[in-house]
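Subject: Structure handover and findings

Dear colleague,

Please find the structure below, handed over for your records. My findings follow it.

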Amino acid sequence: MVSGTQMDWSLHPQLAADTVPVGDLALSRVLLANDANFPWLILVPRRPGLTEIIDLEENEQIQLMGEIDAAARALKSVAECEKLNVAALGNQVPQLHVHVIARRHSDPAWPKSVWGAVPPVAYNAAVRDGLIGALRRGLQFKSIHD
């Protein structure tokens, strides 16, 4: 198991470049992927040195599952999707992170994987900010201040 404090933690540069912060849950930073093709959250446990879910202490694994549940429910409510894809891959970015992706039969990758299906499309700022606001209300937290 890897131990450490939130103070030792930092977000991987690739995740920072590809996302917009939504807020912090007890364990995880919640990010919105900057790809308007798919409403897509990424949860990153704020613990240093993690690559796998099994690297978390057992109680933190349970906490992460609860946070995935909360994020998935909020995203499904806001995005009104038909399917949720949840995955912790880490093939490109080694830092532990969990994708929660809202899928619709009408999305440009359906029914295949979203990775590499179509080029990412940046959100219109107003649409992005509205989505983040709705997600914050659904997850019942305020913005983070870096």
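The notes below cover a helix pair and then a pocket.

This is a predicted model, in which local features need pLDDT of at least 70 and side-chain atom pairs count only at pLDDT 80 or more, while totals for chains, interfaces and linings use all residues. Residues are numbered from 1 along each chain as its sequence is written, and side-chain values use heavy atoms, with hydrogens and water left out.

Helix α2 (residues 58–79) packs against helix α3 (residues 125–139) with their axes 9 Å apart and at an angle of about 130 degrees (axes are lines fitted to C-alpha atoms over the stretch in contact, and angles run from 0 to 180 degrees between N-to-C directions; helices are DSSP runs of H or I, at least four residues, and strands of E, at least two, numbered from the N terminus). Ala70, Ala71, Ala74, Leu75 and Val78 of α2 meet Leu131, Ala134, Leu135, Gly138 and Leu139 of α3, contact meaning heavy atoms within 4.5 Å. By class, this contact of α2 with α3 has nine nonpolar residues, one polar and no charged (Ala, Val, Leu, Ile, Met, Phe, Trp, Tyr, Cys and Pro count as nonpolar, Asp, Glu, Lys and Arg as charged, and the others, Gly among them, as polar).

The largest pocket has a volume of about 560 Å³ (on a 1 Å grid over the protein atoms alone, a pocket is an open set of points where a 1.4 Å probe fits, with protein on both sides within 12 Å along at least five of seven lines; lining residues have an atom within 4 Å of a point; a volume is the space filled by probe spheres set on the points, which are joined across faces, edges and corners). Of its 22 lining residues, Asp18, Trp40, Ile42, His99 and Trp115 are the closest to the centre. The lining divides into eleven nonpolar, nine polar and two charged residues. Both α1 (13–18) and β3 (40–45) supply at least two lining residues, and α1 gives the largest share, three residues.
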